[in-house]
Amino acid sequence: MPLTVDDVDRFELSRPRLEAIAYRFLGSADEAEDVVQETFLRWQAADVDRVEVPEAWLTKVLTNLCLNQLTSARARRETYVGRWLPEPLLAGDPMLGPAGTAEQRESVSYAVLTLMERLSPNERAVYVLREAFDYPHREIAEILDITEAASQQIFHRAKKHVAYGKARSEIDQAAAQRIVEEFLAAATSGQTDELVRLLTKDAISIGDGGGKVPARTKAFEGAVAVAKFVWAMFKPAEAKRAIVGGSPEIYAWAANGEPAVVAVVEGRVVAIMCLEVTAEGITACRTQANPDKLERATEQWAAANHGEPLLMM
């Protein structure tokens with residue numbers, strides 16, 4: 001039977017939640033939208049009158065689609081050019097989902113999305129559903145066709161894999177602005193000492209160019225190495241302008257709840273550097289420069305009131 005207007009409306013009410021779940025599963029806005037649309041097609045084909053709890057039914061279908069996607073994604077990433085990093089989402093993007101608790105905010109941070117790549121598909125599913133959306137283990141077990149005890153064990157194992165011993169700092173937009181401004185001032189001062197002071201001793205810097213733009217495959221490690229790389233990155237050069245198609249404007253912003261440096265050329269976001277901040281200092285600089293992973297950020301940027309750039313390169 002064709003869907004009624006009420007059936008479609010019921011799905012559309014669930015769409016934001018489904019997209020937020022799928023993004024955390026997949027680390028890609030594009031793929032999240034695709035699996036949510038496939039979920040709608042499954043809803044369209046179902047006998048919805050016999051679905052007792054639509055939210056649970058939709059979550060189960062979406063989760064199974066995401067698990068399939070994660071399995072195939074692992075194979076694709078083996079042939080990915082360079083280091084694979086998630087697609088960052090700028091502050092205010094509705095796909096970031098709920099942010100009422102520290103656990104929800106952390107579950108979508110760029111640092112945690114990167115760490116979740118260590119998890120098996122099942123571990124990632126349990127972690128996301130429990131940590132970010134507060135699903136009880138009983139419901140997670142039904143979604144994944146496992147026992148409640150297995151869900152609890154998988155969750156504890158996933159938490160252990162994602163944790164790494166450093167407490168990430170809670171950052172709001174104002175704090176992110178201050179951190180990025182201080183970071184950029186140090187990066188463009190011509191001296192690396194101040195930048196080294198902002199970084200932890202074991203700081204790393206990694207980038208994802210997807211084979212489309214240059215990005216170092218191996219991470220820079222250690223405060224001094226990262227500081228030298230960052231200083232060189234923000235040093236104006238014609239070669240850099242040629243790569244991105246113009247003179248980048250540099251802004252302080254937030255992405256996935258972390259301070260971020262956003263580089264924009266004629267309204268197009270060409271790079272987002274997410275800064276992972278801990279009590280000891282900046283412990284990671286992760287730069288997304290693959291243009292395929294910045295299309296949504298460009299759309300969001302066009303709708304944002306971002307003010308004047310801090311720097312022109």
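At the start of α2, which backbone nitrogen does a side-chain oxygen of S28 reach? The atom is the backbone nitrogen of E31, and the side-chain oxygen of S28 comes to within 3.1 Å of it. This is a predicted model, in which local features need pLDDT of at least 70 and side-chain atom pairs count only at pLDDT 80 or more, while totals for chains, interfaces and linings use all residues. Residues are numbered from 1 along each chain as its sequence is written, and side-chain values use heavy atoms, with hydrogens and water left out.

Helix α2 covers residues 29–45, where helices are DSSP runs of H or I with at least four residues, numbered from the N terminus. Its 17 residues reach 25 Å from the first C-alpha to the last, close to the 24 Å expected at 1.5 Å a residue, the expected span being 1.5 Å times one less than the number of residues. Among the buried residues of α2 are V35, V36, F40 and W43; buried means under 20% relative accessible area, exposed over 50%, and partly exposed in between, with a 1.4 Å probe and protein chains only.

W43 also belongs to the largest nonpolar core, which has 49 residues, and W43 is listed with I21, F25, L62, M116 and Y127 as having the most contacts inside it. Such a core is a set of buried Ala, Val, Leu, Ile, Met, Phe, Trp, Tyr and Cys residues joined through side-chain atoms within 4.5 Å. The elements giving two or more residues to this core include α1, α2, α3, α6 and α8, and the largest share, eight residues, comes from α1. Apart from this core lies another, of 32 residues, with L199, F220, A227 and V244 among them.

The search of the whole structure finds seven aromatic pairs, where rings of Phe, Tyr and Trp (its six-membered ring) pair if their centres lie within 6.5 Å, and planes under 30 degrees apart count as stacked, over 60 as edge-to-face and the rest as tilted. Y127 and F155 form a stacked pair, 6.4 Å centre to centre with 25 degrees between the planes. Because Y127 lies in helix α6 and F155 in helix α8, this pair ties together parts that are 28 residues apart in sequence. Y127 is buried at a relative accessible area of 2%, and F155 counts as buried at 9%. F220 and F229 are also stacked, 4.4 Å centre to centre and 20 degrees between the planes.

How values were computed: Polar contact = N/O pair within 3.5 Å; in protein donor to acceptor, adjacent residues only side chain to side chain.
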